[in-house]
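I opened this notebook to record how the chain is organised and how its elements pack. The entries follow the order in which I looked things up.

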Amino acid sequence: MSNVTDEPAAPAPSRREQNKAATRQAITDAALNLLRGKGPGNFTVEDIAAAAGISRRTFFNYFSSTEAALASVTNGFLDHALRQFRLRPAEEPILESARAALMELADPMTVAPMAELFTLTQQNSSLVRSELEAWDHCTEQIIMAAKERVAKTPGAAIDELYLRALAGSVISCGKAAMDVWFAQCGADLAPASLSVLRQLLIDAIGHLGAGFDSPARPSSHTLLKDRL
């Protein structure tokens, strides 16, 4: 029996929405390809637009800068995880839902674009800042999703402090997982390395849910790392 909610399926996107999503993805892909080939700070909005086959004006209809286009890679992963979170049962504890949402992303390759961007931007302060802004944006999205859940529970009240502290802690755990993964695996984007990252994300939320009790045995990500 499924643990997810039985909410009605969202309506299929219109052709216009599909075209806009395709254009946005083309811009993101072009920006990431240029980052791979030229490195941070060595390409412009015009370069991205040309590589994506669009005009400069169209680029600015979607993104405000090259940094924003690249940050959309991280936003894409976080939005995917949030969609999984929203499918969890309303009565389930929020942290349990967050951990389950990450576990639903079973294919380690789902974290590949975010992981690659992280490895390519560590030496560029403006790109690192854009990455942090993407995580901060996700904090607000978590708060919104949690409020939606509370609103579905009769008699439940919204505790703003609790929700903001919880959302900030979840995001901090995600950042910590990325930092530990990079320290262990560097720029290795092989499936085994990405499995380590996925497990680190899951374990970090698990530590938060357990109140950060001292681990009595090696973490699962440590065991995974030993196999690389």
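Entry 1, basis. I worked from a predicted model, in which local features need pLDDT of at least 70, side-chain atom pairs count only at pLDDT 80 or more, and totals for chains, interfaces and linings use all residues. Residues are numbered from 1 along each chain as its sequence is written, and side-chain values use heavy atoms, without hydrogens and water.

I found 10 helices and 0 strands in the protein; both are DSSP runs numbered from the N terminus, helices being H or I of at least four residues and strands E of at least two. Of the 228 residues, 40% are buried, meaning under 20% relative accessible area with a 1.4 Å probe, protein chains only.

I looked up helix H1 (residues 15–38) and helix H4 (residues 66–86), whose axes come within 9 Å and cross at roughly 105°. Axes are lines fitted to C-alpha atoms, for helices over the stretch in contact, and angles run from 0 to 180 degrees between N-to-C directions. H1 is therefore roughly perpendicular to H4, a term for angles of 65 to 115 degrees. In contact (heavy atoms within 4.5 Å), H1 residues including Arg 24 and Leu 35 meet H4 residues including Ala 69 and Val 73.

Among the contact residues are Leu 95 and Met 103 of H5 and Arg 198 and Gly 209 of H9.

Definitions and conventions: Parallel < 35°, antiparallel > 145°, perpendicular 65-115°, else oblique. Buried < 20%, exposed > 50% of the residue type's maximum accessible area, 1.4 Å probe, protein only.
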